[in-house]
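Subject: Structure handover and notes

Hi,

Here is the structure I promised to pass on to you. My notes on what turned up in it follow below, with the cut-offs spelled out as they come up.

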Amino acid sequence: MKNLYIMGSAGSGKTAMAVGLSLKFKQEGLRVSYFKPVGTSTVTGKADEDAVLMKELLDMAAPLEVIAPTMASPFYLSRGNRSAEMLATIKRAYQEIARHADLVIIDSAIFPHIMGTIGLDAPSLASELGAGVLYLINVKNDYSLDQSVFFNQYLQYKGVPVLGNIFTHVPRPIQAKIEGVYKPLLDNLGFRTLGIVPRVRELSSPSVAQVHELLGGELLTGERNLDLLVEDIMVGAMTIESALGYLRRSNNKIFITGGDRADMALAALETSTSAIVLTGGLYPDVKVISRAMEKGVPVLLVHYDTYTAIEKLSELSGRITPNNKESINKAVENVERYCDWQGILNSLK
Amino acid sequence: MEKTTSYLHNQPVLFGKKFMWDLCVGKVKAMADLTPLFNVKSVAIIGASNKPGKIGNVIVKNIIESGFAGKIFPINPKETEIEGLPCYSSVSQAPDKIDLAVVCVPAKFCPDVMEECGKTGIKYAVVITAGFKEVGPEGLELEKKLLFICKKYGIRMVGPNCVGIMDTHIPINTSFAAGFPVQGDIAFISQSGAMLVSIMDWAKSIGLGFSRVISLGNKADLNEADFIDAMADDPFTKVILCYIEDVHNGKYFLEAASRAARKKPVIVLKSGTSQAGALAASSHTGALAGSDLAYETAFTQAGILRARSMTELFDLATCFSYQPLPKGDRVAIVTNAGGPGIVASDAIEEARLTMARFDKETLDALRANLPAEANIYNPVDVIGDARADRYAFALEAVLKDPHVDSVVVLVCPTAVTDPENIAQRIIELHRKYPEKPLLTAYMGGMTLAKGVKILTRAKIPVFTFPEPAIRSIAGMVNYVRRMESRVEGEEIRYDDINPDKVKAIFYDVIRDRRSVLLGSEAAAVAEAYGISAAPVKLAISPEEAVALAESIGYPVVLKVASPKIMHKTDVGGVKIGLNNAEDVRNGFIEILENVQRYLPNVVPYGIEVSKMMPKGTELIVGMTRDMQFGPLIAFGLGGIYVNLLKDVSFRLAKGITHAEIAAMIAETKASTLLRGYRGEQPADMMSLIDMVARAAKLILDFEEISEMDINPVFAYPDGYSALDIKITIEL
């Protein structure tokens, strides 16, 4: 078996894991290919971003339509059930990808259950393609573990080999609980833990550019600092005096406030802020722009309300781009330091 | 690389970029020597014009009309003569040395003009031109450029975007305001040009005189601190008035104002106190106004009198300028009607002044000479039919009284009142007793107008109603009180503190990319500075919590540890009075469940186990770092009612002394509790003062601490215990 299928919920770090593992295995002298049977794109007609990234990183000859041969969309069923046709496309593409590879890293859609209705969910495809599964767990509480166990067992019943689980984006405070409580519980159930990867901001934090892309709107200043990372989101609706307490507690934040709240925007600029989002289509006072320019903080003006902006931002998660060496190195480092990559490789043999 | 000393010698040298920037934002600064600015002998008007109505023309005319005895050089390459004076194409063409350049060319030409001024050796400039920082980013760039040139050549600049300066003692009027004030002893420094021109016009109508009038404009170089400092030593200035929307540099402002307030009254109207006002100020000047609380505290500590309105600002100015300082707070009222006397008495009580109680001699004299219906006690009512003689008798009697520090005369226009004669007698008596402030309220309009004029001309403050008169006395008394109660003491010092320990803890926190310390870390920081904190340990599992509880000893308190949670009680993150292992184990899990319910995305660092301390008087000691004035310390009644009762007093940490801390504690109602309320044992005051001093030392030593809250502190008859400490640092 030379197929490794990476599964996990949205935001569990599948792309980072794919980047880390494939580059690590490549270093080990293996010919590694990347395959994403069901892709997605933010804009209809645009290629899957992970496919673009991996094609470049692994220097793959295959075209993007082969690396990500089908695309999911929230309304895919409206196009009719093209299950058989799509499966055939996927298999054809896989053949091409796998032809010259020692190892194919297969990435799942945003969630493993996507396109389950027509039998193209990740577990079914893993079974079709003969892949072993690496399941990523982004723990929030004990229920997260329940979900993972449920999924592991489902794979087992389906006859798909589960290589093991990796805990990703682990906040430092719960590392001990994972080691002391979760891992033994998984062991007892017969599921291996292949890694506990701590949260690193370079991988978990989105950039201001992503925020801009997601929210749209006008960039009033800070074109050159769109690569700043966003670690927190804060809404400013209180008085300056009470706001400062909150502002100071939060680092590298996006600060959302009305365009007419010059006082708040200026206060935020005196604390650690990655970007200011002004809502309601109200152009700010020039002084806000001047100060933001001095501080090099991007200011974004959107024409809808604060609540809508926050709702949109909830979709945000870290993303790796091909030219972002720092996050790519972090992804590899995470695999090297915190994952049993040797064990993964061995179990594929 | 950064040759700061060269700058101080005004030599044009190259600076490091960082230093230049620090200079521009006011981080590096020496108080300006403005003596030459107030002694100019020659002035150039760059942008002078022949066209009536143009600013370049108004200024030339104003300088001529002000009676300036020095040389005037209009500069304009297109003209040969302006207002009868020979005009020059540039400052370098002027036949003589120029002391001051007044610049009114369009903004884009200002840098070149300033460069030329620099090369010619001009050391002072007033830039009238607008179109700089106030108009946006391009303007800001231009202003920085201008400032850079000033620093390069050692030019001290007023403005840009200002009205100019007026000086009645040189005399010179470099402003474009209409008219020139009469000579007087009030210096007026204003951030608003419009306010300044209005005031000048009004002051002229009532004959109020000024020594120097300065429009600050954008304060790119010279700011309020420089001028307050200069006016402190100005022999022609008796009172310093300031209208400001923000302070350019809190530290220098405090230094200058404290020094000046020791010599003469400094009265400040700081606008932007309301939230709407602050908003207007912030969009007006682009400055992030420091919080009003910080301003209030800073003003009090510097000995500045804060006026609450324009009226109060000038009422105070008039009284300080015209009248002597009162020796105490005892006020006597002389009136010809009962009602106004009562209103004045109420105002005296409200202003925390004292109604004077007359000497027996005074009472006897009043009784012997006033009609039987008159009231001889304070307020002295000479009744409605009183004419000038009776007023004069009563007034002299109270002025003579050693138990009277100041007098307010109230006059109501009855049919027999002769306001002009009364005014004359008041003036005579003020000359006879010049050491006591004498204020009047001429309560009326038409019939009293002449009397008002007579008094104003003789520099006796006249008000229409009693309350502003009393408020003005209160302002004067406050100034005197502050000067008397000024506690000079040693700055706090401790040898038993461990800054390295604190550094190490902060290092770990920063490495963890956190701004907020966990309770256990904060307690360790406090202990390193000798603050006695209740022992706190972090547990990451229920078993560990039980083990820690056993070692600390029951009863214990459990608190959620998370930098994301500001109010732990609100999210069910605190359990108190746990007495056994079972309770601790359950408490641990319950807290995690509660927190998850309220804040599903927050992952706690664990649960902190601390010793349950015996109940004492609950206090709070807090600190917030104001953007202008640095750390501000708060002391007050603590616990959950702190936000409700707001029994808190504040001080700036910088330069605080043990005596000042004692005074700060004494200001609160909590101090009554601490002294032992209703038979309770008094708290250990010395240890509390020591704790506040150590907290102050800590925040002064570590600039990265942006906020600190010790709430509650339990005060005991012997010592105290800091139960919950929150520290926020800047990464």
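A residue is called buried when its relative accessible area is under 20%, exposed when it is over 50%, and partly exposed in between (1.4 Å probe, protein chains only). Helices (H or I, at least four residues) and strands (E, at least two) are DSSP runs, numbered from the N terminus.

Two housekeeping points before the details. This is a predicted model, so to speak of local features we need pLDDT of at least 70, side-chain atom pairs count only at pLDDT 80 or more, and totals for chains, interfaces and linings use all residues. Residues are numbered from 1 along each chain as its sequence is written, chains are lettered from A and ligands numbered from 1 in the order in which they are written, and side-chain values use heavy atoms, leaving out hydrogens and water.

**Chain B overall**

Chain B contains 25 helices and 30 strands. Its C-alpha atoms fill a box of roughly 95 × 80 × 45 Å along the principal axes. Of the 731 residues in chain B, 58% are buried. Taking contact to mean heavy atoms within 4.5 Å, 71% of the contacts in chain B between residues at least 6 apart in sequence join residues at least 24 apart.

Two strands pair if DSSP finds at least two bridges between them. On that basis, chain B has an open sheet of five strands with parallel pairing, in the order β2-β1-β5-β6-β7. Its edge strands, each pairing on one side only, are β2 (71-75) and β7 (156-158) of chain B. From one strand to the next, the twist averages 20° (axes are lines fitted to C-alpha atoms, for helices over the stretch in contact, and angles run from 0 to 180 degrees between N-to-C directions). Within this sheet, β1 (residues 42-46) and β5 (residues 100-103) of chain B are joined in the parallel sense by four bridges, and A44(B) has A101(B) of β5(B) opposite.

Which residues of helix α4 (residues 110-120) of chain B are buried? They are C110(B), P111(B), V113(B), M114(B), E115(B), C117(B) and G118(B). The cover over the buried residues of α4(B) includes β1, β5, β6 (124-127), α5 (137-153) and β7 of chain B. After α4(B) comes G121(B), with a positive phi near 90°.

**Where the chains meet**

Contacts link 43 residues of chain B with 35 residues of chain A. Together the two chains bury about 3,100 Å², 57% of it on carbon and sulfur atoms; buried area here is the accessible area (1.4 Å probe) that two parts lose on being put together, summed over both. The rule for a salt bridge, a side-chain nitrogen of Lys or Arg within 4 Å of a carboxyl oxygen of Asp or Glu, finds four across the interface of chain B and chain A. One of them joins R172(A) and D512(B), whose closest N and O atoms are 3.5 Å apart.

A polar contact is a pair of N or O atoms within 3.5 Å; within protein, one must be able to donate a hydrogen and the other to accept it, and residues adjacent in sequence count only if both atoms are side-chain atoms. Between chain B and chain A, eleven residue pairs are in polar contact (both at pLDDT 80 or more). On the side of chain B that touches chain A, at least two residues come from each of α5, α9 (275-285), β25 (617-626), β28 (705-715) and β30 (725-729) of chain B. With six residues, α9(B) gives the most to that side.

As for β30(B), four of its five residues are buried, so the strand is largely enclosed by the rest of the structure. Five bridges pair β28(B) and β30(B) in the antiparallel sense, and D709(B) has K726(B) as its bridge partner in β30(B).

**Two buried polar residues**

Q323(B) sits in the loop between α11 (310-322) and β15 (330-335) of chain B and counts as buried at 2% relative accessibility. Its side chain makes a polar contact with the side chain of H430(B) (3.5 Å), and a polar atom of the Q323(B) side chain lies 3.2 Å from the backbone oxygen of K459(B).

S144(A), in helix α6 (residues 142-157) of chain A, is buried with a relative accessible area of 10%. A polar atom of the S144(A) side chain lies 2.8 Å from the backbone nitrogen of K140(A).

Best wishes
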